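Subject: Structure handover and findings

Hello,

Here is the structure I promised to pass on. Please open it alongside this note; my findings follow below.

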Amino acid sequence: MAATRAATPLIAVGIGVAAILIAAPVTGWAVVRPPAVILPALLIVVVILRPWRWDDRQLRAIDAWAPSGRVVWSAALVVGLALFWFVLTRFRSGEINGVDFTVYFDRPLFQTLQGRLLFVESADDVLRAQRTLLIIHAYLALVPLAVLYGIHATPLWLLALSVAAVVAGSVHVFRILQRLGAGSLLAGASALVFALNDNTARTLNYGFHAEVLYAWFIPWLLDAGLAGRRMPSLAAAAACVLVKEDACMLLLASAVALGLHRYHQMTWPDRLIFL
């Protein structure tokens, strides 16, 4: 009965948040900062649910909650659509880092289709202009992305990929916390925080940056490593190497974390891959 009574105001809060975040940019009122809307909404939700009054039976039920794969991916889709809306509206209003996004990623991918591999036409630094981006950083993962521009040359590909990387990383964070025995509620909260925290927001302010792919590949690596899946682990590590030359630092940190957690459980083939 209590859950039924709480459902209506919770739905109303959700509709109100969605209306503000969607309608404000469309009407030209403002590009709303999500925390300014979401934080008050979360406080209202806490007041409605009153978790301090939950009994042991309710707490045990929450602790035992285990969402299906369909629920997890449905939630990921909702979060992805919300993030893409934020990124798209900021892009349309000119509130992203246009230098990095356009000069070093969007245009070089288009130039790759013209036979000039990741060619930088003009830049904020004259030493970086009129040469390949690979001289600056080893962004090898960008090369296959030119195929998307062959389908249709639009920067929207990069905006979507940026969001997809963050959402995919969130799903892996959820699985990592589950594998560590944190429970689905804490795992879900951690995944949501991963997608909506300040560091993610600063990354998405670029529209796209090659390093946003780390938000996908590193959690993927940790998830596969904790599950003892060798081929996905190797694939994730290889994907990290293709992002940038500093991947070695992230791979070292990931290897240390995995080694401390499950080194004694590894078989000899696992240890060879670890090394």
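I will start with one serine. Beyond its neighbours within four places in sequence, S254 is in contact with I218, L221 and L222. S254 itself sits in helix α12, which covers residues 247–262. Its relative accessible area is 5%, so S254 is buried. Please keep in mind throughout that this is a predicted model.

**Overall picture**

The protein chain has 275 residues, and 35% of them count as buried. Its secondary structure comes to 13 helices and two strands. The C-alpha trace spans about 65 × 60 × 30 Å along its principal axes. Accessible surface for the protein chain totals about 15600 Å². Carbon and sulfur atoms account for 68% of that surface. I also looked at contacts between residues at least 6 apart in sequence: 65% of these join residues at least 24 apart.

**D223**

Next, an aspartate. D223 belongs to helix α10, residues 214–227. Is D223 buried or exposed? D223 counts as buried, because its relative accessibility is 0% and the cut-off for buried is under 20%. Setting aside residues up to four places away in sequence, D223 touches H172, R175, I176, R179 and R229.

**E211**

E211 is found in a loop, the one between α9 (198–204) and α10. The relative accessibility of E211 is 30%, so this residue counts as partly exposed. Which residues does E211 contact, apart from its neighbours within four places in sequence? They are Y139, V243 and K244. With K244 there is also a polar contact: the side chains of E211 and K244 are joined at 2.5 Å. Y139 is 72 residues from E211 along the chain. The C-alpha atoms of E211 and Y139 are separated by 8.9 Å.

**Cysteines**

How many disulfides does the structure hold? The count is zero. C240 is in no disulfide, and its nearest cysteine sulfur, that of C248, is 11 Å away. Burial is worth checking for each cysteine. C240 has 0% relative accessibility and therefore counts as buried. C248 has a relative accessible area of 51% and is exposed, because the cut-off for exposed is over 50%.

**Surface patch**

One nonpolar patch on the surface is worth a look. It is formed by W65, V71 and L185. Together these residues have about 290 Å² of accessible area. Where is W65 found? The tryptophan lies in the loop between α3 (56–63) and α4 (69–92). W65 has a relative accessible area of 42%, so this residue is partly exposed.

**To recap**

S254 is buried, and so is D223. E211 is partly exposed, and its side chain makes a polar contact with that of K244. The structure has zero disulfides. W65, V71 and L185 make up a nonpolar surface patch.

Best wishes

Terms used:
Residues numbered from 1 in each chain as written. Predicted model: local features only at pLDDT ≥ 70, side-chain atom pairs only at ≥ 80, totals over all residues. Heavy atoms only, no water. Disulfide = S-S within 2.5 Å. Buried < 20%, exposed > 50% of the residue type's maximum accessible area, 1.4 Å probe, protein only. Patch = residues over 30% accessible without salt bridge, like charges linked within 9 Å, V, L, I, M, F, W, Y side chains within 5 Å. Areas by Shrake-Rupley, 256 points an atom, 1.4 Å probe, with all protein chains shown as cover. Salt bridge = Lys/Arg side-chain N within 4 Å of Asp/Glu carboxyl O. Helix = DSSP H or I, 4+ residues; strand = E, 2+ residues; numbered from the N terminus. Contact = heavy atoms within 4.5 Å. Polar contact = N/O pair within 3.5 Å; in protein donor to acceptor, adjacent residues only side chain to side chain.
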